[in-house]
Amino acid sequence: MKQKKVNAFYRPPSLLFRQLGSALLMGYLTGWRSFPGWLLRHGFSSMPVANGARGMGCIGYPGHPVWEVTGACNLRCIHCHATSGQAAADELSTDEGKKLIDQLATESEFRTLIYTGGEPLVRPDIFELLRHSQKAGLANIIATNGTLIDEEMAFKLKDHGVVCNAISFDAANPSIHDMVRNKAGSFDLAMRAVVATKKAGILLQINTTAMEYNMPHLPELIDFADSSGAGILLMYQLVAVGRGEKIEKATLKKTANKYLSELISLKQKTAKTIIEPVAGPQYWPFLLEKCGIRGGLPLKLAGQVFHGCSAGRGFVYVKANGDVWPCPFVEVSGGNIRGKSFHDIYTGSTLFNDLRRREEKLKGLCGECPYKTVCGGCRGRAHAYSGDPLAEDPRCFIRERSRPAEKGLGKTIKTCSSEHPDIEAAYRDTRRRPATNPGRMRALPDEQ
């Protein structure tokens with residue numbers, strides 16, 4: 001039986017209009033002055049990366065699968081959503097991986113495949129898998145710590161259909177980055193990857209994780225992404241899952257969450273790269289409210305291109321052992337591809353169907369909120385603190401109408417950065433404190 005061909009980026013044409021519309025609306029709401037320049041520099045190379053996107057949302061956009069090809073890694077970052085650092089015995093084999101790729105390629109909404117880990121480049125058969133997904137018609141994206149990418153590796157990745165290298169940085173300061181990564185010299189190796197990626201003609205994306213330990217350094221990091229020539233900057237928030245459970249106190253509280261939205265909005269105005277939040281879907285209603293959009297037809301139209309949390313609503317995360325999660329931060333499986341087809345899990349499981357219908361299913365204040373479509377709250381954070389992926393997001397600042405607005409970013413950043421120990425203490429925490437059981441944390445009092 002002939003395999004169904006992956007759709008081209010221009011089919012249907014409405015996707016292109018949504019992608020352009022979301023960028024235009026975001027640019028209007030933030031006053032993004034460099035949008036025309038970004039479109040000229042990165043618009044064409046971004047097309048295969050955003051292929052299939054229905055607009056903007058968490059982890060860039062809804063409509064793409066991510067495969068954690070291995071738990072093995074050459075680093076031990078303090079915030080990683082993975083825990084082991086070693087390859088597990090039950091990881092999908094090469095043949096099972098190819099079967100998964102073939103199943104993903106038959107889903108009409110998927111045009112790309114993101115390879116992550118662990119560190120995907122330590123998997124011995126990674127290039128065999130990349131070639132298989134390339135032949136299946138999927139555009140390959142690598143989420144990497146960058147330490148293994150030199151010029152030769154970058155050109156080899158390009159030859160195997162990689163259209164984007166998403167390289168992680170935690171600070172523009174090498175000592176802070178190396179401390180978070182638990183390895184001296186990792187910053188310099190990641191910088192080597194940046195240079196090699198651009199030389200190979202692969203789109204550069206920079207990923208970072210915002211936490212209390214590096215909040216004062218984020219403005220500098222955004223400037224660093226600009227000067228590095230990145231086309232995309234994904235600004236993750238620390239979610240207390242995996243190894244990140246050990247430093248739960250470094251997760252952003254409500255004030256810090258609000259500050260991060262303010263910072264991204266402010267920096268976007270002059271940035272040359274496009275900045276998109278991850279695990280911070282409140283950014284989208286924040287932008288709308290800032291321009292007086294709180295309901296009616298304008299909010300409904302915004303919901304066509306802003307999608308907030310994408311967990312289970314286009315975004316899907318396949319674990320190394322074949323478990324299918326809605327998101328790396330929602331540690332709940334809808335099924336395992338060794339027992340069911342990917343299609344049956346993705347379209348038929350109660351978990352995924354509930355998340356697709358979150359406008360009807362969300363609980364607590366998220367269920368009462370008018371921004372269920374453009375935001376929906378972080379489902380990973382909700383699950384981490386309540387055990388329920390449909391519960392309210394405990395770190396949402398949008399719903400707090402009664403609290404006076406804080407004035408000035410300087411005051412907010414002082415609040416964010418003064419409550420917790422420095423980065424060296426974070427490093428010590430990961431070595432001393434045992435992780436709690438995944439999915440069994442409970443909501444803390446509402447620290448501000």
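Student: Where is the place of N182?

Tutor: N182 sits in the loop between helix 6 (174–181) and helix 7. Helices (H or I, at least four residues) and strands (E, at least two) are DSSP runs, numbered from the N terminus. This is a predicted model, where local features need pLDDT of at least 70, side-chain atom pairs count only at pLDDT 80 or more, and totals for chains, interfaces and linings use all residues. Residues are numbered from 1 along each chain as its sequence is written, and side-chain values use heavy atoms, leaving out hydrogens and water.

Student: What is phi of N182?

Tutor: Most residues other than glycine have a negative phi, and most peptide bonds are trans. In N182, phi is positive, near 65 degrees. A279, also not a glycine, has a positive phi of about 65 degrees, and lies in the loop between strand 7 and helix 10 (283–290).

Student: Is A279 buried or exposed?

Tutor: Buried means under 20% relative accessible area, exposed over 50%, and partly exposed in between (1.4 Å probe, protein chains only). A279 is buried, at 1% relative accessibility, while N182 is partly exposed at 23%.

Student: Which peptide bond is cis?

Tutor: The one from G117 to G118, with omega near 25 degrees. G118 belongs to the loop between strand 2 (112–116) and helix 4 (126–135).

Student: Which residues are buried in helix 8?

Tutor: An α-helix has 3.6 residues a turn, so residues three or four places apart point the same way. In helix 8 (residues 218–227), the buried residues include L218, L221, I222 and A225. After helix 8 comes G229, with a positive phi near 85 degrees.
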